[in-house]
Amino acid sequence: HGTSYKITPPIKKYIMESKIKNNKKSGADIANGIKNKFGVGISRSQINRKLKELGLNDNVGRKSGKPIKKTR
């Protein structure tokens, strides 16, 4: 496992609060929010690993509230 030095305490708090506020948010959604708010790029796998540490990880399968993205 790599070192998650980019995930500072304010970013960790943001990850936790955004997942609790809307549990349908994926790691990619949270990564985009961090990029916009803090200007730091963090991979979704790092975010998912942090969510798993906090016990907020998603269950397996498609999220019921998320629409299926159609590609053309």
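Contact here means heavy atoms within 4.5 Å. Hold on to that, and start with Ile42. Leaving aside neighbours within four places in sequence, Ile42 is in contact with Lys6, Ile7, Ile11, Ala31, Ile34 and Ile47.

Now some ground rules. This is a predicted model, where local features need pLDDT of at least 70 and side-chain atom pairs count only at pLDDT 80 or more, while totals for chains, interfaces and linings use all residues. Residues are numbered from 1 along each chain as its sequence is written, and side-chain values use heavy atoms, with hydrogens and water left out.

Confidence next. pLDDT is the predictor's confidence in each residue, from 0 to 100. The chain has a mean pLDDT of 84. In the chain, 85% of residues reach 70 or more. Among the elements, helix H1 (residues 9-21) has the highest mean, 93. Helix H3 (residues 44-54) has the lowest, 89.

Along the sequence the pattern reads α-α-α. Helices (H or I, at least four residues) and strands (E, at least two) are DSSP runs, numbered from the N terminus. Among contacts between residues at least 6 apart in sequence, 57% join residues at least 24 apart.

Let's take H1. This helix has 13 residues and reaches 18 Å from first C-alpha to last. That is close to the 18 Å expected at 1.5 Å a residue; the expected span is 1.5 Å times one less than the number of residues. Which residues of H1 are buried? Ile11, Tyr14, Ile15, Ser18 and Lys19. Buried means under 20% relative accessible area, exposed over 50%, partly exposed in between (1.4 Å probe, protein chains only). Down the axis of H1, the buried residues fall within an arc of 120°, so they line one face of the helix. The arc is taken over the directions from the helix axis to the C-beta atoms. The face turned away carries the exposed residues Pro9, Ile20 and Lys21. The buried residues of H1 pack against H2 and H3.

On to H2. Its buried residues are Gly27, Ile30, Ala31, Gly33 and Ile34. They fall within an arc of 160° seen down the axis of H2, so they too line one face. What covers them includes H1 and H3. After H2 comes Gly39, with a positive phi near 75°.

Now the middle. The largest nonpolar core has 10 residues: Ile7, Ile11, Tyr14, Ile15, Ile30, Ala31, Ile34, Ile42, Ile47 and Leu51. H1, H2 and H3 each give two or more residues to this core. A nonpolar core is a set of buried Ala, Val, Leu, Ile, Met, Phe, Trp, Tyr and Cys residues joined through side-chain atoms within 4.5 Å.

Look at Ile11. Its relative accessible area is 2%, so Ile11 is buried. The C-alpha atoms of Ile11 and Ile34 are separated by 7.3 Å, yet these residues are 23 apart along the chain.

Last stop: aromatics. The structure holds one aromatic pair. The rings of Tyr14 and Phe38 have centres 5.8 Å apart and planes at 80°, so the pair is edge-to-face. Rings of Phe, Tyr and Trp (its six-membered ring) pair if their centres lie within 6.5 Å; planes under 30 degrees apart count as stacked, over 60 as edge-to-face and the rest as tilted. Tyr14 lies in H1 and Phe38 in H2, so the pair ties together parts 24 residues apart in sequence. Tyr14 counts as buried at 18%. Phe38 is partly exposed at 30%.
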